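Let's take a friendly walk through this model, starting with charged side chains and ending with a pair of helices. Have the structure open as you read.

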Amino acid sequence: MLQDDGGGSAFAPLVVLELAPDTKEEAVAWLLSRIRDPQHSGGVELRPPLTPPPPTNPNVFLVGASRRRLLSGAEDLGLFKEYSDGSMRGFTCANKLNFKGFTGDGDDFLSMAECQYIIKHELDTLRAKEETHVPGHSQAKLYPGKSIVRRLQSKGILVQMFPLHEKEELKRLSFSWYKKVKLAFQPLDDIRHYYGEGLGLYFGFLEYFTLALVPMALVGLPYYLFDWEDYDKYVVFAAFNLVWCTIILELWKQFSASLAFRWGTLSRKRAFEEPRPGFHGVLGFNPVTGREEPVYPAAKRHVRIYLVSVPFVLLCLYLSLHVMMIYFQMEGWALTLHDQDPTFWTGVLVFVPSVIYAVVIEIMNLIYRYAAEFLTEWENHRLESSYQNHLVLKVLVVSVLSGVGGSVTPPPSSLATLLITSQILNQVMEAFLPYWLQRRRNKKMIRRVQKRRTLGEQELPLEEQVRLEADMSTYLGTFDDYLELFLLFGYVSLFSCVYPLAAVLVVLNNVTEVYSDAFKMCHVFKRPFSDPAANIGVWQLAFEAMSVIAVVTNCALIGMSPQVKAYFPESDTQLILWTVAIEHFLLAVKFILTFLIPDVPKHIRIKLARLEFESLEALKRKVKADSSSPRRC
């Protein structure tokens, strides 16, 4: 798969660029020349060496780079690699020989995911010079400093840009990850090496969450199997639930920091965020970058948020609440019918409302998700992080009410039905349906691949691999995966004292989730670009908010239980006051635990401080020497 860049330096094609079939020839030639141009001429000095000839679109190009250019890009990005003393430090070409694993020309020093991320970053930073528009496309306006790739994406000229899979490495990862059913930890370092830190942290959190559920499952199982109506047991389990919620989230911060430190993203400075491809506005001046770019008034965005988006979300909340009330009525009717005539069929009928409600909620959430994405896009956020935060907030508010709120009053059997039905639907929608659709789209190609394998395990030609991966579904990020875990965390933290078997069911679901998610990443979706994340981002706040809600919910459930009401037969006011007092006490305990458990382990804090001290000392020596030499790799 190695190509020659024309100067005798071997390199591999790493990233696929697909332009629209009707892209003008002058636009194609202009873009390729800008990609090839050296950096001092305003290009990015990459190489588009091959043009695989797909039957439907000739405008597909493979982009790679020389090893020297990739090492230079690693330094520009501030990529952290392991130093000779075992610490993680920002890579520099001047000290390249002091980094562990750098031998010869550094052929195997950077992982394929890192190389692809460097190429994506370089393409994203490709900027217009004096061009006023994309050649041949007068509607695609350009101005000095504008990101060319983002403009091509927003105008539909650039259809997709994705990294290629590395077949042998993917085969090894698949075998160690999910092809062998075994009781073992996931190969997180291998996942991170192939897919990047963002997905590595997601699968690390999935594994951690599953293991953290084991104590809750072990405590809840005997509660479910034996006498459950004892008041003391009820309170003890609820209290254990609340402490569990707090401790696992705080310990996850430490585990997450350990992973991020080991992978070199904990102390890495976040790159300056460029405007989103879909961001639009009148041409103005950015005082930070000194470049011209679209400017959109914040007041106009706030008007759209508070006068359109917020009322829409409230309307969706009302509709979800209305559907929930209908579900409660159906549940009550089915239970009454079963109590009056307890037969096998009326027993089955008791579960039907929960199944219907789970299916309806899944459909409503799907429709609402598209509406939330449309509204968030319409709000015209400048940064991708702001866009994601507003989208997460919209989706969480409605999902919590519809997904978890429907479990407030039903009996345990209905709660189990809701949980199981929703998880079956999720597995079908996330993995099996996309895989089936992909197999239908690529039926002829897959038959050709299988035939080639039966003829002697010959390697698939590069052009056929590009065609196959171009038709695969695009992985849209970890949003839906974290949302699913968030709702499961809500089921366990909010309602374990009502249905102690919830943790057991979630553990079983998460075990299957590991295998289904691994399968879809390896066989259903295109390879995503690496995301150098240091934590799980806004989802950490979402889980912590849910743990606070869990305190209120568990205290309310305890207060409404007949055993507790028996202690206050004459005064509901006293019952409410005691419930609120206990709730405030538990919240205080929760926040004290949060304060006492540090987010970053002590040994990592010491290492980070030592690195900072050494960096300052090195800077002082550099200033004293007052010497600067050109960077060369």
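The side chains of Asp480 and Arg369 meet in a salt bridge, 2.2 Å from N to O; the term is used when a side-chain nitrogen of Lys or Arg is within 4 Å of a carboxyl oxygen of Asp or Glu. Asp480 belongs to helix H16 (residues 479-495) and Arg369 to helix H11 (residues 352-378), so this pair ties together parts 111 residues apart in sequence. Helices here are DSSP runs of H or I with at least four residues, numbered from the N terminus. Arg369 is buried, at 14% relative accessible area, while Asp480 is partly exposed, at 34%. Buried means under 20% relative accessible area, exposed over 50%, and partly exposed in between, using a 1.4 Å probe and protein chains only.

Please keep in mind that this is a predicted model, where local features need pLDDT of at least 70 and side-chain atom pairs count only at pLDDT 80 or more, while totals for chains, interfaces and linings use all residues. Residues are numbered from 1 along each chain as its sequence is written, and side-chain values use heavy atoms, leaving out hydrogens and water.

Now look at Glu114 and Arg192, another salt bridge, with the closest N and O atoms 3.7 Å apart. Both Glu114 and Arg192 are buried. They also take part in a network of salt bridges with Lys81 and Glu197.

Finally, find helices H18 (residues 538-560) and H20 (residues 572-596), whose axes (lines fitted to C-alpha atoms over the stretch in contact, with angles from 0 to 180 degrees between N-to-C directions) come within 9 Å and cross at roughly 150 degrees. H18 and H20 are therefore roughly antiparallel, a label for angles over 145 degrees, with under 35 being roughly parallel, 65 to 115 roughly perpendicular and the rest oblique.

Note on methods: Helix = DSSP H or I, 4+ residues; strand = E, 2+ residues; numbered from the N terminus.
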